[in-house]
Amino acid sequence: MQALGTIEVVGLVAGVEAADVACKAADVQLVGYELAKGGGYVTVKVLGQVGAVTAAIDAAAVAAARLTRVVSKLVIPRPSDQIAALVANSATVGYTPSPTTPPPAPAAPDAPTAQPTAAAPAAAVPPAATEPSVSPAPEPVVAPAPTSADPATHTTTRRKHP
């Protein structure tokens, strides 16, 4: 871990805004967010280089302050390995450990492709099932008729709809 940045705001909407701005402002990795028990506090956590995390948290604080109250913000350069369990834990929403699975190998160009045999013909799909469904056009919305003032009687009359 190079640096850990956290920002705590009131409300999930402000937390999502803070996370979005933090990720767009600098090259940081979003770990996720945690909901506090009571008070509506949301803590957003990011990882990255010290300068990038500092810039991301500062930008997130400005954006979240437009929506709600920023409770606190913190940047820890080179955090201890012992706090890794606090950063990425089961309470962190959005955190998923990324499995290191290799990408699937591309198919060889000279490999034979499977052809349907006479014993097992391909299932026929009726043409009606493949056509997209067409819904009828919606009814037009009729706006109310405008009112007009009659200058002779100084009353307002309304036109009637047919």
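Strands S1 and S4 run antiparallel to each other and are joined by seven bridges, where strands are DSSP E runs of at least two residues, helices are H or I runs of at least four, and both are numbered from the N terminus; two strands count as paired if DSSP finds at least two bridges between them. Within this pair, Ile7 stands opposite Lys73 in S4. This is a predicted model, in which local features need pLDDT of at least 70 and side-chain atom pairs count only at pLDDT 80 or more, while totals for chains, interfaces and linings use all residues. Residues are numbered from 1 along each chain as its sequence is written, and side-chain values use heavy atoms, with hydrogens and water left out.

S1 also pairs with S3, again in the antiparallel sense, over eight bridges, and here Leu4 stands opposite Leu47 in S3. S3 in turn pairs with S2, antiparallel and over seven bridges, with Glu34 placed opposite Thr43 in S3.

| Strand pair | Sense | Bridges |
|---|---|---|
| S1 and S4 | antiparallel | seven bridges |
| S1 and S3 | antiparallel | eight bridges |
| S2 and S3 | antiparallel | seven bridges |

Together these strands make an open sheet of four, in the order S2-S3-S1-S4, with antiparallel pairing. S2 and strand S4 (70-77) are the edge strands, each pairing on one side only, and the twist averages 15 degrees from one strand to the next. Helix H1 (residues 12-25) packs on the sheet and touches S1, S2 and S3, its direction making about 170 degrees with that of S2; such angles run from 0 to 180 degrees between N-to-C directions, with axes fitted as lines to C-alpha atoms, for helices over the stretch in contact.

Thr6, which lies in S1 (residues 3-10), is buried at a relative accessible area of 18%. Beyond its neighbours within four places in sequence, Thr6 is in contact (heavy atoms within 4.5 Å) with Thr43, Val44, Lys45, Ile57, Ser72, Lys73 and Leu74.

Pro77, in strand S4, counts as partly exposed at 45% relative accessibility. Its contacts, leaving aside neighbours within four places in sequence, are Gln2, Ala3 and Val50; the C-alpha atoms of Pro77 and Val50 are separated by 5.9 Å, although the two residues are 27 residues apart along the chain.

Leu35, found in strand S2 (residues 28-35), counts as exposed at 52% relative accessibility. Together with Leu12 and Val16, Leu35 forms a nonpolar surface patch of about 270 Å² of accessible area. Accessible areas come from the Shrake-Rupley method with a 1.4 Å probe, and for residues only the protein chains shown count as cover. Patches are made of residues with over 30% relative accessible area and no salt bridge, joined within 9 Å for like charges and within 5 Å for nonpolar side chains (Val, Leu, Ile, Met, Phe, Trp, Tyr); a salt bridge is a side-chain nitrogen of Lys or Arg within 4 Å of a carboxyl oxygen of Asp or Glu.

For the chain as a whole, there are four helices and six strands, and buried residues make up 23% of the 162 residues.

Terms used
Buried means under 20% relative accessible area, exposed over 50%, partly exposed in between (1.4 Å probe, protein chains only).
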